[in-house]
Amino acid sequence: MVSLATLPETGRYIARSVRQSLRLMVGLPDYDTYLSHMAQTHPDRAPMSYEEFFRERLEARYGAGKGRCC
């Protein structure tokens, strides 16, 4: 795989966008984006660990123990 550092700015942006989109399509939350958001927006709060983050995203996606009728 090509290193992002070797690509021009536009190429790096496109590569990051495609990578993030693919991860979201298959249901993999982006922990690095979460950490960046927490540092920029909520510097006074400690971020969740990767395990806590992943568990929270799964519960948000599938509902924590909530049954579905269909």
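**Start: a surface patch**

Begin by selecting Tyr13, Ile14, Val18, Leu22, Met25, Val26 and Leu28; together these residues form a nonpolar patch on the surface. Leu28 counts as partly exposed, because its relative accessibility is 36%, which lies between the 20% and 50% limits.

**Step back: the whole chain**

Now show the whole chain as a cartoon. The model is predicted, and the mean pLDDT of the protein chain is 81. A pLDDT of 70 or more is reached by 79% of the residues. Where pLDDT is low, the predicted coordinates should not be read in detail.

Which elements does the cartoon show? The protein chain has 3 helices and 0 strands, and from the N terminus on the order is α-α-α. Helix H1 covers residues 9–25 and has the lowest mean pLDDT among the elements, 84. Helix H2 covers residues 31–41 and has the highest, 91. Helix H3 covers residues 50–62.

Of the 70 residues in the protein chain, 9% are buried.

**Helix H1: a salt bridge**

The structure holds 2 salt bridges. For one of them, select Glu9 and Arg12 and show their side chains. The closest N and O atoms of this salt bridge are 2.5 Å apart. Glu9 and Arg12 both belong to helix H1 and sit 3 residues apart, about one turn of the helix. Arg12 is partly exposed, since its relative accessible area is 22%.

**Between H2 and H3: the rings**

Next, show the aromatic side chains. How many aromatic pairs does the whole structure hold? A search finds 5. Start with Tyr31 and Tyr50. Their ring centres are 5.3 Å apart and their planes meet at 85°, so this pair is edge-to-face. Because Tyr31 lies in helix H2 and Tyr50 in helix H3, the pair ties together parts that are 19 residues apart in sequence.

Is Tyr31 buried or exposed? Tyr31 counts as buried because its relative accessibility is 18%, and the limit for buried is under 20%. Tyr50, with a relative accessible area of 38%, is partly exposed.

Move on to Tyr34 and Phe53. These two form a stacked aromatic pair, 4.8 Å from centre to centre with 25° between the planes. This pair also links distant parts of the chain, with Tyr34 in helix H2 and Phe53 in helix H3, 19 residues apart. Tyr34 is buried at a relative accessible area of 14%, and Phe53 is buried at 5%.

Ring pairs link Tyr31, Tyr34, Tyr50, Phe53 and Phe54 into a cluster.

Keep Tyr31 selected and use the distance tool between C-alpha atoms. Phe54 and Tyr31 are 23 residues apart in sequence and 8.1 Å apart in space, C-alpha to C-alpha. For Tyr31 and Ser49, the separation is 18 residues in sequence and 9.2 Å in space, again C-alpha to C-alpha.

**Along helix H3**

Select H3 on its own. Helix H3 has 13 residues, and from its first C-alpha to its last it reaches 18 Å. That span is close to the 18 Å expected at 1.5 Å a residue.

Look for Glu56 and Arg57, whose side chains meet in a salt bridge, 2.8 Å from N to O. Glu56 is partly exposed, with a relative accessible area of 30%, and Arg57 also counts as partly exposed, at 34% relative accessibility.

Where does the tour end? Select Gly63, the residue that follows H3. The phi of Gly63 is positive, near 80°.

Terms used:
Residues are numbered from 1 along each chain as its sequence is written. Side-chain values use heavy atoms; hydrogens and water are left out. Helices (H or I, at least four residues) and strands (E, at least two) are DSSP runs, numbered from the N terminus. Buried means under 20% relative accessible area, exposed over 50%, partly exposed in between (1.4 Å probe, protein chains only). pLDDT is the predictor's confidence in each residue, from 0 to 100. Rings of Phe, Tyr and Trp (its six-membered ring) pair if their centres lie within 6.5 Å; planes under 30 degrees apart count as stacked, over 60 as edge-to-face and the rest as tilted. Patches are made of residues with over 30% relative accessible area and no salt bridge: like charges are joined within 9 Å, nonpolar side chains (Val, Leu, Ile, Met, Phe, Trp, Tyr) within 5 Å. Accessible areas come from the Shrake-Rupley method with a 1.4 Å probe; for residues, only the protein chains shown count as cover. A salt bridge is a side-chain nitrogen of Lys or Arg within 4 Å of a carboxyl oxygen of Asp or Glu. The expected span of a helix is 1.5 Å times one less than its number of residues.
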